[in-house]
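Please keep the sequence and the model in view while reading.

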Amino acid sequence: MTSTAKYTDQSARRRLRREVPSAAAVLADEQDFRAMSRYRTFPFDDHRGYLQQMENLLRTLASQGVLTTLSLFDPVAFEKYCADLTLDPDRPDSRSRYTAEVARTGATLTYQGEPLNRLLPLLVEEAGRQATWDHASAVLARAGDCPECGEDLAHAAFARATQALQQLLEALGSGTHHLVCSVAAGDPSLLAVLHATAQEGARRRLAESDTLVFCTVLAAGFALRTPGGIVSRTTTGHDTTGGPAHDTVRGWSFRDAWPRALSAAEVFTAYCTDADTGEPIPPEHGVDYAPGLPLTPPPDPHHHG
């Protein structure tokens, strides 16, 4: 082989490497790192140093034009994965196989050169969002079909949840809205958060993934008719003295597969009570506790008492 041909082969391999994506799974916190440190073949003993080496690797791949998908490495899930496939967890190739599996099925983000300490919170948030969606979808699937008409109750509940969210956002009007939907569906309870910004005459801004999760959690509460509710916190701008923005809190509870408005007193009690201890929490300064806005329920052909 001539030197020219060798150079051509090396160049072709480098170019081909840019077209082969990579996957990395990172141990985001100290507790997960310590869990992996018990394996003899795990080559790190310091979490900070591990994260620095991971970031150096990601930057090197990015500089070579290689697209890398980043996910979270869960030691508990890894141990179960190895047990299910009869793999030795104390082997690098087992960790590599698990990383590829998580990149295929788990929550991921594409590395684009950001500092790892800025990207990890987003990755944890994405993993939490997917876990909530998976849980809510599983709960929703238990609804089955209507015994009278045979309709898929999960599909009907999701359509109803979409209508409820649309009505709710229209009723809240302009402002920045922080919505929390909670549904008592097993342990842990389902919890979804949605941020929406609406300005007069402008199109409402919503994150599609958050909207999907919110509606799925809401639909699970509707389909199974379990206890639940929605709390909204709306920021409408700064006051004339230049002080902090003014916030209004409202609330709804579920009844007959629909959000029913709470009174101002009920909203205050719900928002100013510790959910774990039942002890009162001091109200926040500059926050109004207002009644929930009435929402008109559509017909519910699947409510049979």
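Glycine 173 follows helix 7 and has a positive phi, near 75 degrees. The model is a predicted one, in which local features need pLDDT of at least 70, side-chain atom pairs count only at pLDDT 80 or more, and totals for chains, interfaces and linings use all residues. Residues are numbered from 1 along each chain as its sequence is written, and side-chain values use heavy atoms, with hydrogens and water left out.

Helices (H or I, at least four residues) and strands (E, at least two) are DSSP runs, numbered from the N terminus. Helix 7 comprises 20 residues, 153-172, and at 1.5 Å a residue it should span 28 Å; the end C-alpha atoms are 28 Å apart, so the two values agree. The expected span is 1.5 Å times one less than the number of residues. Buried residues of helix 7 include Leu153, Ala157, Arg160, Ala161, Ala164, Leu165, Leu168 and Leu172; here buried means under 20% relative accessible area, exposed over 50%, and partly exposed in between, with a 1.4 Å probe and protein chains only. An α-helix has 3.6 residues a turn, so residues three or four places apart point the same way.

How confident is the predictor? On the pLDDT scale, its confidence in each residue from 0 to 100, the protein averages 86, and 87% of the residues score at least 70.

The aromatic residues come next. Rings of Phe, Tyr and Trp (its six-membered ring) pair if their centres lie within 6.5 Å; planes under 30 degrees apart count as stacked, over 60 as edge-to-face and the rest as tilted. The count by this rule is 14 aromatic pairs. Phenylalanine 42 and tyrosine 50 have ring centres 6.1 Å apart and planes at 45 degrees, so their pair is tilted. Both partners are buried, phenylalanine 42 at 11% relative accessible area and tyrosine 50 at 5%. Phenylalanine 73 and phenylalanine 78 also form a tilted pair, because their centres are 5.2 Å apart and their planes stand at 50 degrees. Phenylalanine 73 is buried at 6%, and phenylalanine 78 at 0%.

Leucine 109 belongs to strand 3 (residues 108-110) and is partly exposed, at 23% relative accessibility. Its C-alpha atom is separated by 5.8 Å from that of threonine 69, 40 residues apart along the chain. Beyond neighbours within four places in sequence, leucine 109 is in contact (heavy atoms within 4.5 Å) with Thr68, Thr69, Leu70, Leu119, Leu122 and Leu123.

How values were computed: pLDDT is the predictor's confidence in each residue, from 0 to 100.
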